[in-house]
Amino acid sequence: MNTRPSLNAVAAPIFGEFLLGMTVAFAGLYLASHTSDAAAGTFGLTQQVLETLFVIFRVLAIGLGIVVTQSLGSRRIEAAKRTAYMALSSSTWAGLLVVALMVFGRSAILEVLNAPASVIPLAMTYMLLLAPALLLEAYNLSMASVLRAHLFARESLFIMIAMHGTHLLLAVLFMQGLGGWEGWGLNGYALAYFLSRVFGLWMHLSFWRRRMDLHPNRRHWWALSLPAMAPVLRIGVPGAALELGYRLAFMVSLSATARLGVAALATHSYTLQTLKYVLLISMAIGWACEIMVGRLLGAGRLKAADAMVRKGVRNGMLASGLLALAAAIGAPWIMHAFTRDPAIIAAAQQLLWMSVVLEVGRVFNLVVIGSLRATGDVHYPVIASLASFVLILGLGSYLLSRLWGLPGVWLAYVIDECLRGALMWWRWQGRGWLPHAKHYLKSSRHGPTGDP
């Protein structure tokens, strides 16, 4: 089994996956913005709700991916297969939970977020229509994680091209209509989402059979063994707790933004969507490092894992810094894709200039946290981040929004990312992860080679 995969070979297809997913979301926001600012605000608000609920799926994706990579790195092929099959049953139950939250809890969610009155009717219907697709999304995310853990990143990219391409084509048709048919607007995006995820699930099943000789039966889709899930949950739950803490604090900031009005909410949505393109490379490098550190750990090659993380941080800082700078300079032209309102364009440009520092700080969180998880150091990122989530991202954004409006919210984002990033890098530099890595090697009966 190859334990020395190339950083670029793994990161490049993952980058392509992220680029496709974000392009579809960008296109959805673009199409919604040409309907009305209320539709754009609804789309942006709902995207944040989805990302919060997807924390449940990340419990699985994080844990499954790392357990599979560690098993493959230590040549325990049957253990890797058992974990892969658990992806299906665990996704069934996690997906049904998220569907229930969307269907029965959407009114309460919008109330907590202080959604503007013009947004609530649109959001209620849109969230209901999105709900069925979320079960399928759970399957696709978990199955893609297993594919990437086997280093089938190109195959995963191929599936995502087909799935997101289908979503984009159907979204344009269903939202804008054709000929004399005016389309379904924002609700058309939800229908396109569902149909594309059906297609994605079919393709994942096909690749599982052909590339990894995985042939799930009916029982694999629902029968869940909690003892067998223990290694996945041991890694995934702290990772999801970190994600959940961030998302809850971020929702407080979103609530503070919603209080500033529809224009501020639209500006927030446009800026965040633009920044998603900026952080694409660092996200891809972070996921690639997590995959490779897990495999290198399984093989006992700790020095190589350390070097991989340092290279990832260096490359991520360079890429994110340059892209954030380009976005800030090009803001007047970029924002014209969404709006002609000069006040919104000026506000977005101010936020993008602040984001140059934000994105450089975010690199450490995207790259180092995943690598710490892959070594078994799963609790430190959560403990080290909680105070920042509560005091800076949550409470800080609320208070600063009262003082300086939307730039105050963004200042809280900058401080939070930079502080947490510094804490993560201190942990990696100080080798705080090393005892966890050695414990894993000892428990799996492998001796480390080339310890730092």
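This briefing walks through some helices, helix pairs and single residues of the structure above. The model is predicted, so local features need a pLDDT of at least 70 and side-chain atom pairs count only at pLDDT 80 or more, while totals for chains, interfaces and linings use all residues. Residues are numbered from 1 along each chain as its sequence is written, and side-chain values use heavy atoms, leaving out hydrogens and water. Helices here are DSSP runs (H or I, at least four residues), numbered from the N terminus.

**Helix lengths and what comes after them**

- Helix H7 covers residues 186-212, which is 27 residues. From its first C-alpha to its last, H7 reaches 38 Å, close to the 39 Å expected at 1.5 Å a residue. The expected span is 1.5 Å times one less than the number of residues.
- Just after H7 comes Asp213, with a positive phi of about 55°.
- How many of the 19 residues of H3 are buried? The count is 17, so H3 is largely enclosed by the rest of the structure. Buried means under 20% relative accessible area, exposed means over 50%, and partly exposed is in between (1.4 Å probe, protein chains only).

**Helix pairs**

Some terms first.

- Axes are lines fitted to C-alpha atoms, for helices over the stretch in contact, and angles run from 0 to 180 degrees between N-to-C directions.
- Angles under 35 degrees count as roughly parallel, over 145 as roughly antiparallel, 65 to 115 as roughly perpendicular and the rest as oblique.
- A contact means heavy atoms within 4.5 Å.
- A crossing is right-handed if the near helix is turned clockwise from the far one by less than a right angle, and left-handed if anticlockwise.
- Ala, Val, Leu, Ile, Met, Phe, Trp, Tyr, Cys and Pro count as nonpolar, Asp, Glu, Lys and Arg as charged, and the others, Gly among them, as polar.

Now the pairs themselves.

- **H4 and H8:** Helix H4 (residues 77-112) packs with helix H8 (residues 226-258) at about 20°, and their axes are 14 Å apart. The two are therefore roughly parallel, and H4 passes H8 in a right-handed crossing. On the H4 side the contact uses Thr83, Met86, Ser90 and Val112, and on the H8 side Ala228, Met229, Val232 and Ser255. These residues divide into five nonpolar, three polar and no charged.
- **H10 and H11:** The angle between helix H10 (residues 280-298) and helix H11 (residues 302-329) is about 180°, with axes 9 Å apart. That makes H10 roughly antiparallel to H11. Among the contact residues are Ile281, Ile285 and Met292 of H10, and Ala305, Met308 and Gly312 of H11. The contact has 14 nonpolar, five polar and no charged residues.
- **H9 and H13:** Helix H9 (residues 262-278) meets helix H13 (residues 342-374) at about 40°, with axes 9 Å apart. This pair is oblique. H9 passes H13 in a right-handed crossing. Residues that meet include Tyr270 and Leu275 in H9, and Leu351 and Glu359 in H13. The division is ten nonpolar, four polar and one charged.

**Buried residues in helices**

For the contacts listed here, residues up to four places away in sequence are not counted.

- Ile14 sits in helix H1 (residues 7-33) and is buried, with a relative accessible area of 0%. Ile14 touches Arg148, Ala284, Trp287, Ala288 and Ile291. How far apart are Ile14 and Ala284 in sequence and in space? They are 270 residues apart in sequence and 5.4 Å apart in space, C-alpha to C-alpha.
- Thr42 belongs to helix H2 (residues 37-53) and is also buried, at 0%. Its contacts are Val119, Leu122, Ala123, Tyr126 and Leu186.
- Glu155 is part of helix H6 (residues 153-176). With a relative accessible area of 17%, Glu155 is buried, and it touches Phe207 and Arg211.

**Loop residues with a positive phi**

- Asn114 is not a glycine, although its phi is positive at about 55°. Asn114 lies in the loop between H4 and helix H5 (120-149) and counts as partly exposed, at 29% relative accessibility.
- Arg431 is not a glycine either, and has a positive phi of about 60°. Where is Arg431 placed? Arg431 is in the loop between helix H15 (406-429) and helix H16 (434-443), partly exposed at 31%.
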